[in-house]
Amino acid sequence: MNMLLTISWRNIWRHPARSGILLVAIIAGLWAGIVTMGWGKGMVQQRSDYLIRSELSHAQIHHPEFLAEREPWMHIPEAEEVSRWLAGDERIRNHTMRSRADAMAQSPLTTTGVRLIGVDIDTEPDVTTMHRQLTVGEYLDSDVRQPVFIGERLAEKLNLEIGHRLVVRFQDMDNEITAGAFTISGLYRTASSDFDERNVFVRKEHLSELLAQEPVVHEIAMVLHDMEMVDEVVADLNRLFPGVSAQSWYEISPELRYMNDMIGIMLYFIIGIIMLALAFGILNTMLMAIFERVRELGMLLSIGMSKRRVFSMIMLESVMLSLSGAAAGMLLSRLSIGWLSRHGIDLSMFGDGLAEFGIDAVIYPVLDGQDFVVVAIIVIAATLIASIWPGLKAIRLNPIVAARE
Amino acid sequence: MSIIKTEKLSKVYNPDTVPVHALREVTMSIEQGEFTAIVGPSGSGKTTLLNMLGGLDRPSDGSVFINDTNVTGLSDKKRIDFRLNNIGFVFQHYNLIPVFTARENVSFIMLLQKRGKEEMQRRADQLLEEVGLGDRKDARPGELSGGQQQRVAVARALATEPRFILADEPTANLDSASAMNLLDLMEQMNREKGVTFIFSTHDQRVIERARRVITMVDGRIDTDEVRKSETDAA
Ligand SMILES: Nc1ncnc2c1ncn2[C@@H]1O[C@H](COP(=O)(O)OP(=O)(O)O)[C@@H](O)[C@H]1O
Ligand SMILES: [Mg+2]
């Protein structure tokens, strides 16, 4: 067995350039595939982490039809009761209550549809991180009268600046059109310019006053100590408060989970295609190796080397060659991902374009052990499959070619 | 007792398209200890005959017996095994594994026979000494002359302790000095160890060294002549 390994290993290096090129191709292909995979996963994870932290929170409670209909009267009458329960439950870290209204924002130039979100400035920062997106001015704790916190993008669109007035019109609880004037206290920017253009934050008490002249709660958002508990908490809430609908982050934003699943499939697809290309490389190299060694293989069969051994020899040769490439490629990828997950991949040169899709400019690739295992299995399977044909080809040779001129 | 016997051995290549009658009803036998040359013009069927004797190819008709085994009837798998343990081969070229040293080439075939590692090493060294390559054991075929390569092939053929050695034009690629040296070696092994050699050639000086000369013409045995050589007389 040892000699079979030796012969296979030395055969690999009969054509150092040819084997070297294949090795480099395997290493580069795997590296590119795995880093792309890590980048894609990192991007999606960053996006979903970010969305959860900045707007979604872990779970939200609404009137059962609010998310679909968004009518002002679809509020949560038992908000105080729910809030007490949330405050008393150990699994919940923080929660906050909001009032909401869909409105038209006006400027001397133009009018645009926005979503007004009335937040409780004492508890909101414990649930979402929107306040940290501030780029200019002050958050809603500003001293200005009726402060409003809007996206840079909206400010640009409406041609407004800090200190300017923003007039919004919307339906109140009695379906009467009402108008409110707010003073822009600060501007924010998130990775998504679309979000920035549509979401307008005011203080909950100011929005409630315009909606109903009394406190109104349309939405309760919460963060848990352990995000994995979300399904359990949501189930408890729905059982205890039948009049409202509690939903987890992924129920509120199913596209986020879909995105997670899709990117996973897509990335394995990419790895699959790369491996297909590499398998053809392996096949080609090994077939070349066999065609130029027809006489030698015939001689081995003639002198009494069994077909099983000839097959093993060829398999070993191609498996050793490709697996050493694969091992090197995976190690390199592992190290690269390790480094990149700390330092990030900065695509800010394309940053503006990416922001349209809500993608951060700096991505920290991630891949877990399981991903590496799956890639390793794909690689080994592709290698073995690509090696079988050359092996079979070798044993189908007729030994008499060795003896013939 | 004959170690090889053929009965009405025939071989037709491409029977369905352009039939080539390479062997026509060849009946012959070889005795233990022979030093026999198969001679004849190119295309007369020497290689085909040796391939049949070595179980490398199947006859179209007739049979080959080696001792009492009907080689023709063996399965492919059994024939490979049979060759390994009963027949030594020396070809005209592409004899050796280029990535192996002379010693590894000789050891390798004993590994196929599943001999012990120590025995393999010892025998390989001893055989290489005997064929006069004691100082080139670690050379790879590419570093050896054509004559030296053929000597390694002879050492390898001897390593398995075969019943006989088949050599198809073993000297055809060698200059005449190397050819005569190789013949000396084969003759010595035949004389000292009683190894049976059957080799094909069309080199007149090689033919002169044989003790039995079977001449092939057009797939048939034309003459079969046993000579008394000096070594026999001595
Ligand atoms: N594999 C083959 N296919 C077809 N014809 C062959 C094959 N091998 C040998 N022949 C033919 O059989 C005849 C005998 O060939 P061969 O045994 O090689 O003769 P020699 O070794 O005496 O030169 C020749 O006419 C040759 O062309
Ligand atoms: Mg011939």
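Colleague: Does A:Arg70 count as buried or exposed?
Modeller: This is a predicted model: local features need pLDDT of at least 70, side-chain atom pairs count only at pLDDT 80 or more, and totals for chains, interfaces and linings use all residues. Residues are numbered from 1 along each chain as its sequence is written, chains are lettered from A and ligands numbered from 1 in the order written, and side-chain values use heavy atoms, leaving out hydrogens and water. Buried means under 20% relative accessible area, exposed over 50%, partly exposed in between (1.4 Å probe, protein chains only). With 17% relative accessibility, A:Arg70 therefore counts as buried.

Colleague: Which residue does the side chain of A:Arg70 meet in a salt bridge?
Modeller: A salt bridge is a side-chain nitrogen of Lys or Arg within 4 Å of a carboxyl oxygen of Asp or Glu. Here N and O are 2.9 Å apart, and the partner of A:Arg70 is A:Asp102.

Colleague: How many residues apart are A:Arg70 and A:Asp102?
Modeller: Helices (H or I, at least four residues) and strands (E, at least two) are DSSP runs, numbered from the N terminus. A:Arg70 is in the loop between H3 (66-69) and H4 (79-88) of chain A. A:Asp102 is in strand E2 (92-106) of that chain, so the separation is 32 residues.

Colleague: Which residue forms a salt bridge with A:Arg91?
Modeller: The closest N and O atoms are 2.7 Å apart. A:Arg91 lies in the loop between H4 and E2 of chain A and its partner in H9 (230-240), so the pair ties together parts 145 residues apart in sequence. Both residues are buried. The partner is A:Asp236.

Colleague: Where in chain B is B:Asp184, which forms a salt bridge with B:Arg209?
Modeller: Their closest N and O atoms are 2.3 Å apart. B:Arg209 sits in the loop between H7 (204-207) and E9 (212-217) of chain B, 25 residues from B:Asp184, which is in helix H6 (176-193).

Colleague: Which helix gives the largest share of the side of chain B that touches chain A?
Modeller: Contact means heavy atoms within 4.5 Å. By that rule, 31 residues of chain B touch 26 residues of chain A. Elements giving two or more residues to chain B's side are H1 (46-53), H2 (76-86) and H3 (102-112) of chain B. The largest share, 6 residues, comes from H3(B).

Colleague: How many residues of H3(B) are buried?
Modeller: The cover over its buried residues includes H1 (2-12), H12 (294-303) and H13 (307-343) of chain A. H2, H4 (117-130) and H5 (146-159) of chain B also belong to that cover. H3(B) is mostly covered, and its buried residues number 10 of 11.

Colleague: Which residues have the most contacts inside the largest nonpolar core?
Modeller: A nonpolar core is a set of buried Ala, Val, Leu, Ile, Met, Phe, Trp, Tyr and Cys residues joined through side-chain atoms within 4.5 Å. The largest has 122 residues. Those with the most contacts inside this core are B:Phe108 and B:Phe199.
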